[in-house]
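These are my notebook entries on a structure that I went through by chain and by residue. The model is shown first, and the entries follow.

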Amino acid sequence: MTTRAVDRLFAGILLLLGLYIVWNALEYGYMRDTTPGPGFFPLWVGLGLAILSAINIIRSVSGAERLDATFDAASLYKTLSIFAAITVFILLTPTIGMLTGTALLIPVIAFIIRPRWTLTFAATIAAIAVVFPIACHYLFAVYLQVPLVEGPLGF
Amino acid sequence: MEPLLLLGEGIVRATTPELLLATLIGVLVGLVVGVLPGIGPAAGTAIMLPVAVGFGGAAAIAGLAGIYYGAMFGGAVTSILLGIPGDAPSVMTVIDGHAMAKRGEAGRALGMSVYASFIGGVIGIVLLALLSVPVAQAALAFGPTEMTALMCFALSLVTVLGGRNIIKGFTALFLGMWVGMIGLDPIAGPTRYTFGFVALFEGVEFTVIAVGLYGLSEIFVSLGQETKGTLERYSFTSLLPNLRDLIECRAVLVWSSLVSFFVGVVPGVGSTASTMLAYATAKRYSKNPDEFGRGSIKGVAAPEAANNSASYAAMIPLFALGIPASGTTAVLLGGLLMVGLQPGPLLFATNPEFVWTVFGSFWIGNMMLVVLTTLLIPVLASIVFISGAILYPIVIGVVLLGVYSIHYAMSDISIALIAGAIGFVMLKLDYSPVPLVLGLVLGPLLERGVRRTLIVSEGSLSIFWESPIALGFFLLTLGVIFIPIATKRVAAFRALRAIPPSQ
């Protein structure tokens, strides 16, 4: 999918969102007697979003929109992989605990960004995976008194 | 002179161990943020926001603001030594700073960048102290109608000036305002756009979105970018103050600081545009304008004094009017709200001690930065070469734990992740995330202002143009939105007419 196609798709989603906001705003009530109701502000915001998104689609279709950035396969793969890794972290944290989860997440993200490891790099990542959760324990759990999610080992 | 006395008292209060530590951490993080090309001051403050708020009160804001102005110092290091601007406001420093470094004067350029930043900071802080109270007092005369009009004006300025694509800027603004509406209606009570999720009843937390949009999305965009280049050499003694350079640049230092401060006060202009203007002014009035671009010491002094001065100028609309002038100050506004303070004209009357302590911490931070930048230049220059595979896992770890620490909710991490993914797509498609964040912060305030005003007028819109001040702001808003569009149309029409008919 080209960047221009993504641009149109994104503008299309925002156009639909704008219409959804307007639809709901009318249900909430535009005015209550002489005063503005809960739907007053959303109606104008939804209209604005829909109109501007429609303009963005027209500009993209007519070629008036120039985009410099591209969705290259390599960076997209890395972004999606990190997104998936963080999602797994969110799902596993209640079971394994937040600090253990972070210790596992660090080498995974490092591997996604740089798949080829040297011995020095592996040692550096291993050290970070150990030291970082300990530092976070002292900063968040001890100093800021944040009740971090604990796993079966108590951290 | 009362403001300067109050600033002096604030400086004394800012020397408590807690505030000194918060300021030190802030400026150190700011220096690192400044040298890293992938992460800007807005992302830096957003990533550290949940952690900083844990310090509480003035310490939280001192730490966060430290990241902002610390980044202005740090940005010059890579600009001069590598020819790569660490952040946008240091882009003009590359031109003459790197040219000086290449001819063996890296130390002289670095030294000037540090002292110019310090002088710009001093002038900026003094002007901030002198002008913020009169601005706040003038704004006290504003009722809900005038504040609503002012907010519209500020939002339009930031959206038009903040990004390259005006239409997409406003699209992002409306999207942000909608996200700000999710949850309980602030006046009438029913829930809106919650999709049945109880977690959304209290609305979407600004910080969670800001961290995702600024922090995670910038990391996603920066993936795969490795910094390459050769560091220019310098000696430590060459970093020490060079009296001859300072005397030669004295007028440039003062003028650049003043110009960028008064331009930087305007919402949306920001440090980068102020820096460019200061550089252009310095070149315009120089006796030897041809030296600029070839390694002129004044070409380093002007932008470095300017970006620091402008960073303090942006604090005036934030503290005195409650309106963020940029993406970074929007995050600071979020920080102020999280520590239980509503920035705006009343803040100076209700919490003067807090305001002046924070301003005092700016002074302390500015002095810390002179010493820290000089000592840490070798470290800062090497940080830029740290692989993203080492740096980003750590930053993502801080983001995840920081976001969780706001409400102790794993669902916040999911929201930040989604915001990061949306921010990544937006950045790629030329939608600036700044208007979205501003819409999220100011949208609910704007809605309350509009609806309260209309409740007073019993639904009559004429109340908005019966106030001359409000009418003035609305006319300015229309001008800000439509003049650039009309100018572009006229330019396109002229270009079309200039083409010979045979083509």
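**Entry 1. A bend in a helix of chain B**

I looked up the bend in α17(B) and found a kink of about 65° at Leu376(B), shortly before the proline Pro378(B). The bend at a residue is taken as the angle between axes fitted to the seven residues ending there and the seven starting there. I then checked the span of this helix: α17 of chain B runs over residues 352-383 and has 32 residues, but its end C-alpha atoms are only 39 Å apart. A straight helix would reach 46 Å at 1.5 Å a residue; the expected span is 1.5 Å times one less than the number of residues. Helices (H or I, at least four residues) and strands (E, at least two) are DSSP runs, numbered from the N terminus.

**Entry 2. Conventions**

I note that this is a predicted model, in which local features need pLDDT of at least 70, side-chain atom pairs count only at pLDDT 80 or more, and totals for chains, interfaces and linings use all residues. Residues are numbered from 1 along each chain as its sequence is written, while chains are lettered from A and ligands numbered from 1 in the order in which they are written.

**Entry 3. Confidence in chain A**

I looked up pLDDT, the predictor's confidence in each residue, from 0 to 100. Chain A has a mean pLDDT of 92, and 100% of its residues reach 70 or more.

**Entry 4. Chain A as a whole**

I recorded 5 helices and 2 strands in chain A, which follow the pattern α-β-β-α-α-α-α along the sequence. The radius of gyration of chain A is 24 Å, whereas a compact globule of 155 residues would have one near 15 Å. This radius is taken over C-alpha atoms, and the globule rule is 2.2 Å times the number of residues to the power 0.38. The C-alpha atoms of chain A fill a box of roughly 65 × 45 × 25 Å along the principal axes.

Of the 155 residues in chain A, 34% are buried. A residue is buried if 20 or more other C-beta atoms lie within 10 Å of its own, exposed if 12 or fewer, and partly exposed in between, with C-beta atoms placed from the backbone. Among the contacts in chain A with a separation of 6 or more, 63% come from residues 24 or more positions apart. Two residues are in contact if their C-beta atoms, placed from the backbone, lie within 7 Å.

**Entry 5. Chain B as a whole**

I recorded 22 helices and 2 strands in chain B. A compact globule of 503 residues would have a radius of gyration near 23 Å, and the 23 Å of chain B agrees. Its C-alpha atoms fill a box of roughly 70 × 70 × 50 Å along the principal axes. Buried residues make up 60% of chain B. Of its contacts between residues at least 6 apart in sequence, 80% join residues at least 24 apart.

**Entry 6. Where the chains meet**

How many residues of each chain take part in the contact between A and B? I found 51 residues of chain A in contact with 47 residues of chain B. On chain A, α1 (3-28), β2 (35-36), α2 (40-62), α3 (73-96), α4 (98-113) and α5 (119-143) each supply at least two residues of the side that touches chain B. The most come from α2(A), with 10 residues. By class, this side of chain A has 35 nonpolar, 13 polar and 3 charged residues. Ala, Val, Leu, Ile, Met, Phe, Trp, Tyr, Cys and Pro count as nonpolar, Asp, Glu, Lys and Arg as charged, and the others, Gly among them, as polar.

**Entry 7. Positive phi in chain B**

I looked up two residues that have a positive phi without being glycine. Tyr193(B) has a phi of about 50°; it is found in the loop between β2 (191-192) and α9 (206-222) of chain B. Tyr193(B) is partly exposed, with 19 other C-beta atoms within 10 Å. Glu458(B) has a phi of about 55°, in the loop between α20 (433-456) and α21 (463-466) of chain B. Is Glu458(B) buried or exposed? Glu458(B) is exposed, because 10 other C-beta atoms lie within 10 Å.

**Entry 8. Ser238(B)**

I placed Ser238(B) in the loop between α9 and α10 (243-248) of chain B. Leaving aside neighbours within four places in sequence, Ser238(B) is in contact with Gly107(B), Arg108(B) and Gly111(B).
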